[in-house]
Amino acid sequence: MEEKHYKLLTPGPLSTSSRVKNVMLKDWCTWDNEYKELVQNMRKKILEAGGADTDVYTAVPMQGSGTFGVEAMIGSVIKDEDKLLILSNGVYGKRIKEIADIANKNYEYIEFSYDTCIDKKSAKKVIENSMATHIVLVHCETTTGILNNIDEIGELCKINNRVFLVDAMSSYGGIPIDFEKNNIAFLVSSSNKCIQGVPGFSFIICKKEAIKECKNISHSLSLDLYDQWEVMEKDCGKWRYTSPTHVVRAFCQALEELEDEGGITKRYKRYSENQKILSEGMEKLGFKCLIPKNIQSPVITTFQNPKNEKYSFKDFYDFLKKEGFVIYPGSISGKNIFRIGNIGDIKKEDMEKLLKSIEKYTTEVLGWKN
Ligand SMILES: *Cc1c(COP(=O)(O)O)cnc(C)c1O
């Protein structure tokens, strides 16, 4: 059967290059040396891509989607005597709270409005007044596309002597992050976001001196980050349980393509340019962005649904899918919104073509005169 391809304008899984898809045509043996070398090289490349010092940091891949990685991190790092401060302004911040609840961790949850950037101004007092030993926040909150200020929160963690954890799921690989300056102890991301691989595993970048302290903390066997790290170190790239071999191979290709593109700063530039084309083009057509420009990330953009009785998200979605684009519904209750991502193997021309299709929808279906 001939499959119809369309561009995924969603925040992962996303559109991957044909090379990334093609390298998955080979089968690998998980305990074979050739495969383990591939894994070790990938772990090193993950760090190098983000400018994390390989003497200070180690990258530990974990089977499962991004949430499995966040759960492994929280479950394996926070001890009974610790306290975690969760700073949240969206669905993914809230998910960390759910994880902490189920894992029975001692935590404090502070929720900011979905359109408030978590930065020095909004969070300084909260951090200073908290007894937490560890602080976690989401870098790019994919719920809206808002970009939280990890530079300022990292600095506050350093001054107040707290361990800093980051969910950089939808930003690592697409937005530069300074590990040293921000004093990041743990950072989690996954294979199917800005590095532009396919879904199947997450990875946690850990300070070596910090992961060494995490033995026997996890109450989960399969999500024990310390054990995963220890086995991978001792057995030179061996995953504890079945490894997503094809996904790993595709990810290595994706890392190579990130390097070919010119690294994270260049990819950030492409994403930013595409986001600008998208948001300006949409505003010209009559759509409104939800998040103010100065705190908007280049990853995903939230728009208000048009107020028009002929409009329904489902029709709009189906229309665009026929045109070759898949967009994303909104996820804030009570808000009439939708989202368009621009991460992945997406070019300027794709954005322009998308805008043409949206214009077609607004004139033909909604009857707007542009
Ligand atoms: C994608 C994402 C996750 C993980 O979601 P999965 O569906 O488990 O991959 C976590 N946090 C953020 C900010 C994300 O964008």
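Modeller: Before we start, two strands pair if DSSP finds at least two bridges between them. Also, this is a predicted model.

Colleague: Good to know! Which residue in β14 stands opposite Thr302?

Modeller: That would be Arg339. The strands β11 and β14, the latter covering residues 337–341, are joined by five bridges and run antiparallel.

Colleague: And what order do the strands of that open sheet come in?

Modeller: The order is β11-β14-β13, three strands with antiparallel pairing. Since β11 and β13 each have a single partner strand, they stand at the edges, so one side of each has no neighbour in the sheet.

Colleague: Which strands does α11 touch?

Modeller: Helix α11 packs on the sheet and touches β11 and β14. The direction of α11 makes about 5° with that of β11.

Colleague: Let's zoom in on Met282. Is Met282 buried or exposed?

Modeller: Buried, because its relative accessibility is 0%, and the cut-off for buried is under 20%. Met282 sits in helix α11.

Colleague: What does Met282 touch, leaving out residues up to four places away in sequence?

Modeller: Its contacts are Phe287, Phe303, Phe338, Ile340, Leu355 and Ile358. Met282 and Ile358 are 76 residues apart in sequence, with their C-alpha atoms 8.4 Å apart.

Colleague: New topic: what does UniProt say about Lys193?

Modeller: The unreviewed UniProt entry lists "modified residue: N6-(pyridoxal phosphate)lysine" there. Lys193 lies in the loop between β9 and β10, and it is buried, at 10% relative accessible area.

Colleague: Which backbone oxygen lies 3.4 Å from a polar side-chain atom of Lys193?

Modeller: The one of Pro11. Beyond its neighbours within four places in sequence, Lys193 also contacts residues including Gly12, Leu14 and Met169.

Key:
Residues numbered from 1 in each chain as written. Predicted model: local features only at pLDDT ≥ 70, side-chain atom pairs only at ≥ 80, totals over all residues. Heavy atoms only, no water. Helix = DSSP H or I, 4+ residues; strand = E, 2+ residues; numbered from the N terminus. Buried < 20%, exposed > 50% of the residue type's maximum accessible area, 1.4 Å probe, protein only. Contact = heavy atoms within 4.5 Å. UniProt positions renumbered as here; feature names shortened; annotations may be inferred. Polar contact = N/O pair within 3.5 Å; in protein donor to acceptor, adjacent residues only side chain to side chain. Axes fitted to C-alpha atoms, helices over the stretch in contact; angles between N-to-C directions.
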